[in-house]
Structures are given as structure tokens and as C-alpha cells.
Amino acid sequence: MAFSKGLPRSQCAFLISIVGITNIIGRLVSGFITDCLHVKSIHIYACALFVAAVVNFLLPFCNSFYLFAICAGLFGFCMASSVSLRTIVLADHLGIDKLTRSFGLIALFQGIGFIINPPLAGFLFDQTQSYVYPFALTGCMYLVSGGACVPLLRKRNTTSRNIDIHVTAPESSNESVID
């Protein structure tokens with residue numbers, strides 16, 4: 001799309017690098033925010049999906065390298081946050097015992113999207129000769145994904161339950177409870 005808007009190939013290629021660089025930074029920053037600043041992972045995850053939706057809606061209207069670069073950077077950052085926090089969100093809300101199955105289902109539906117979206121986006125571009133519709137479709141998919149997270153934004157994490165551990169000393173039969 002950037003090439004079709006007159007950007008040189010070198011700048012178009014650099015946009016991919018911007019996505020990669022911000023993806024690395026996004027993984028580190030999202031981990032820092034959840035671990036050190038104690039922001040719930042679901043909040044960052046949902047926010048990343050909504051920002052990715054907005055970026056996809058705006059991309060077809062970019063006309064300069066700098067606008068493309070800003071959108072590419074935001075998109076790379078958002079994708080990093082959603083990918084790196086997906087497992088944590090699943091474990092927090094479904095529990096560690098359901099992580100394998102839930103991650104498998106997420107991967108299944110993500111795979112279906114990866115199979116369907118590119119040909120559908122190509123079809124939309126072929127029919128309209130415009131990038132607005134394929135990017136709007138992708139933006140809508142991110143909105144649906146973010147919307148699916150909204151009910152979880154207020155839900156209490158299942159991993160924050162108290163666990164009682166009973167310890168019996170070998171010399172005595174007295175039992176102690178550690179919270």
C-alpha cells in the first residue's frame with residue numbers, strides 16, 4: 001500500500017523493520033507494565049487490540065512515510081503486547097489447569113483467521129481497487145477481538161485466591177497452617 005502511494009521501495013521495506021523493532025520494545029514494555037506497575041494484563045491486552053483496530057482503520061489514509069511509520073510502530077507495539085500477554089490473560093482468567101486447552105482453542109481460531117483474512121482482503125482489494133476495505137475488515141476483526149475482552153475487564157483473576165498449606169513437623173503431630 002505504501003508503495004502504491006508513491007513511497008520508495010527502501011522506505012516501504014523500512015516500515016517492516018519499524019514493525020519488528022517496536023514489536024521487540026512492546027514485548028519488554030508490556031511485561032514491565034504488568035509485572036512492575038501491576039496493571040492487569042487483560043487491560044493492556046484489550047487496549048492493544050483496540051489500538052490495533054484504530055491503526056488499521058487509519059492506515060489507508062496515510063500519505064507520507066512519517067504517517068506510515070507512526071502507524072507501523074503502533075501496530076508493532078500492539079501486536080507485541082497482545083502476543084506476549086495472551087498466555088497470561090488465559091491463565092489469569094481460566095486458571096493454569098485450563099491453559100493448554102484454552103491456548104489450543106485460541107490458536108485454532110487464530111489459524112482460521114490467518115487462512116481466511118488474506119484471500120478475503122485480496123478479494124476486497126481486487127473488487128474495489130482500494131485498500132480502505134481490506135484494512136477496514138481487519139480493523140473490524142480487531143474490534144471484535146477487543147470487544148470479546150470487555151466482559152473480562154472487571155472480572156477478578158482466578159489466580160489471586162488464597163491457598164492454605166498444611167505442614168506437619170516430623171517430631172510432633174502438631175499441624176500448622178501457612179497462608
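This is a predicted model: local features need pLDDT of at least 70, side-chain atom pairs count only at pLDDT 80 or more; totals for chains, interfaces and linings use all residues.

Student: What are the angle and the axis distance for H3 and H4?

Tutor: The angle is about 130 degrees, and the axes are 10 Å apart. That makes H3 oblique to H4. The cut-offs explain it: over 145 degrees would count as roughly antiparallel, and 65 to 115 as roughly perpendicular.

Student: OK, H4 itself. How many residues, and what does it span?

Tutor: H4 has 30 residues, 99–128. From first C-alpha to last it reaches 42 Å, close to the 44 Å expected at 1.5 Å a residue.

Student: Where's the kink in H4?

Tutor: At Asn-117, shortly before the proline Pro-118. The kink is about 25 degrees.

Student: And which H4 residues are buried?

Tutor: Leu-99, Ser-102 and Ala-121. Leu-99 and Ser-102 also belong to the H3 contact.

Student: What do the buried residues of H4 pack against?

Tutor: Helix H3, residues 65–94, and helix H5, residues 132–149.

Student: Let's move to H5, then. How does its span compare with what its residues should give?

Tutor: It agrees. H5 has 18 residues, which should span 26 Å at 1.5 Å a residue, and its end C-alpha atoms are 26 Å apart.

Student: Which residues of H5 are buried?

Tutor: Pro-134, Leu-137, Thr-138, Gly-139, Tyr-142, Gly-146 and Cys-149.

Student: What covers them?

Tutor: The cover includes H2, H3 and H4.

Student: Is Gln-129 buried or exposed?

Tutor: Exposed. Its relative accessible area is 56%, and the cut-off for exposed is over 50%.

Student: Where does His-38 lie?

Tutor: In the loop between helix H1, residues 9–35, and helix H2, residues 41–58.

Student: What's its phi?

Tutor: Near 60 degrees for His-38, a positive value in a residue other than glycine.

Student: And is His-38 buried or exposed?

Tutor: His-38 is exposed, with a relative accessible area of 65%.

How values were computed
Residues are numbered from 1 along each chain as its sequence is written. Side-chain values use heavy atoms; hydrogens and water are left out. Helices (H or I, at least four residues) and strands (E, at least two) are DSSP runs, numbered from the N terminus. The expected span of a helix is 1.5 Å times one less than its number of residues. The bend at a residue is the angle between axes fitted to the seven residues ending there and the seven starting there. Buried means under 20% relative accessible area, exposed over 50%, partly exposed in between (1.4 Å probe, protein chains only). Contact means heavy atoms within 4.5 Å. Axes are lines fitted to C-alpha atoms, for helices over the stretch in contact, and angles run from 0 to 180 degrees between N-to-C directions. Angles under 35 degrees count as roughly parallel, over 145 as roughly antiparallel, 65 to 115 as roughly perpendicular and the rest as oblique.
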